[in-house]
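Subject: Structure for you to look at

Hello,

Here is the structure I said I would pass on.

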Amino acid sequence: MAAEGGGIDALSQFELTTVLGPVGAAVGFTQANAWMVIAGALVTLLLVMGARARAVVPGRLQALAEISYEGVMSMVEQQVGHEGRRYFPFIFTLFFFILFGNMLGLLPYAFTFTSHIAITFALAAIVFVVTTGVALARHGMHFFSYFFPPGAPVALAPLIVPIEVISYLSRLVSLSVRLFANMVAGHVMLKVFATFIVMLGSAGVVGVIGAAFPLAINVALVGFEVLVAFLQAYVFAVLACIYLHDAVHLH
Amino acid sequence: MAEDRGSGEGSLEERIAAARARQGLDNPPPRSAGGMSGTWGIGLRVGVELVSALAVGLAIGWGLDRWLGTAPWLLILFVMAGGAAGILNVYRLFRAPAGR
């Protein structure tokens with residue numbers, strides 16, 4: 001479709017269109033919203049169906065549900081400490097929402113909602129607000145000592161405090177940009193090489209042989225993207241845990 | 001069945017724990033640089049940390065300048081502070097695994 005115009009059109013895959021016909025158009029329900037609903041429904045379905053059997057020896061679905069529970073639980077305990085168990089539901093929801101968003105985006109005809117900065121920034125903002133709220137609730141006004149390391153000379157406060165505040169606020173940007181950039185870069189690369197296949201394939205017999213190379217690259221890239229999809233969801237969750245650790249323990 | 005395992009001493013739990021540790025099931029390897037592994041991940045992370053701190057500094061300086069009408073002085077000040085905050089982020093990134 002992109003090759004017909006002669007150029008490479010790698011970015012149109014991120015365009016938002018409304019779904020569900022006139023009803024969706026009236027309320028601005030885009031395919032990003034639809035895939036978020038699908039991701040949430042699939043996570044819920046996995047856990048509800050997985051927990052239904054309640055077998056001592058778990059079946060496949062129950063084993064998957066248990067592994068995902070235990071995996072996130074061990075991550076929270078390791079990164080935040082024992083107090084972190086309280087925040088397990090938050091981290092679990094975050095991790096699985098992002099993981100399913102990334103993974104569903106790799107399916108043909110699917111839309112990757114994590115490739116939009118608005119969505120990743122909203123997720124990062126939730127993490128930021130929650131961690132700051134936890135820190136304020138646990139430490140009260142003492143939280144603000146986080147911006148001034150103990151033992152530093154007071155004369156340096158005008159220099160240290162703005163830098164620490166910027167460093168704290170930059171979590172919001174780095175958390176959202178990392179996920180967004182990884183997902184966009186991967187999907188653009190897939191689309192570019194897919195366009196090469198079509199372009200070369202339409203150039204006769206030699207082109208068809210040549211098209212095998214971008215096809216091979218794309219096969220490798222899809223595997224790589226599965227890795228990135230998991231890793232980025234994991235990194236997002238781990239960083240949320242680290243920020244929670246900072247909020248719970250300060251320094 | 002249990003005898004042909006060789007290591008008779010220790011309870012079942014201990015042996016299971018030892019086997020799990022051998023297979024690397026219990027504790028994932030200690031995290032390096034915030035859960036990302038490999039030179040690629042670290043390099044990317046450093047870049048993101050530096051640029052995001054600079055972007056926040058830029059935004060604060062620009063916003064304050066617009067509000068207070070002191071252009072361009074606060075912008076200059078906060079871009080420099082943002083750069084310093086980026087360096088601080090990177091410093092924390094590499095100090096954290098050893099310090100905790």
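**The end of helix α8 in chain A**

Just after α8(A), L250(A) has a positive phi of about 55°. Helices (H or I, at least four residues) and strands (E, at least two) are DSSP runs, numbered from the N terminus. Helix α8 of chain A covers residues 212–249, which is 38 residues. From first C-alpha to last, α8 of chain A reaches 55 Å, close to the 56 Å expected at 1.5 Å a residue; the expected span is 1.5 Å times one less than the number of residues in the helix.

**How to read the model**

This is a predicted model, in which local features need pLDDT of at least 70 and side-chain atom pairs count only at pLDDT 80 or more, while totals for chains, interfaces and linings use all residues. Residues are numbered from 1 along each chain as its sequence is written, and chains are lettered from A and ligands numbered from 1 in the order in which they are written.

**Chain A overall**

Chain A has 8 helices and 0 strands, and along the sequence its pattern is α-α-α-α-α-α-α-α. Its radius of gyration is 22 Å, well over the 18 Å that the globule rule gives for 251 residues, so chain A is more spread out than a compact globule. The radius is taken over C-alpha atoms, and the rule is 2.2 Å times the number of residues to the power 0.38. The C-alpha atoms of chain A fill a box of roughly 75 × 55 × 40 Å along the principal axes.

Of the 251 residues in chain A, 31% are buried, meaning that 20 or more other C-beta atoms, placed from the backbone, lie within 10 Å of the residue's own.

**Helix α5 of chain A**

Helix α5 of chain A (residues 117–139) has 23 residues and reaches 32 Å, close to the expected 33 Å. Its buried residues include I119(A), L123(A), V127(A) and V134(A). Among the elements that cover the buried residues of α5(A) are α2 (31–52), α4 (88–104), α6 (157–201) and α8 of chain A. Just after α5(A), G140(A) has a positive phi of about 60°.

**Where chains A and B touch**

The contact takes 18 residues from chain B and 15 residues from chain A; two residues are in contact if their C-beta atoms, placed from the backbone, lie within 7 Å. On the chain B side, α2(B) gives the most, with 8 residues.

Regards

Definitions and conventions: Buried ≥ 20, exposed ≤ 12 C-beta atoms within 10 Å, placed from the backbone.
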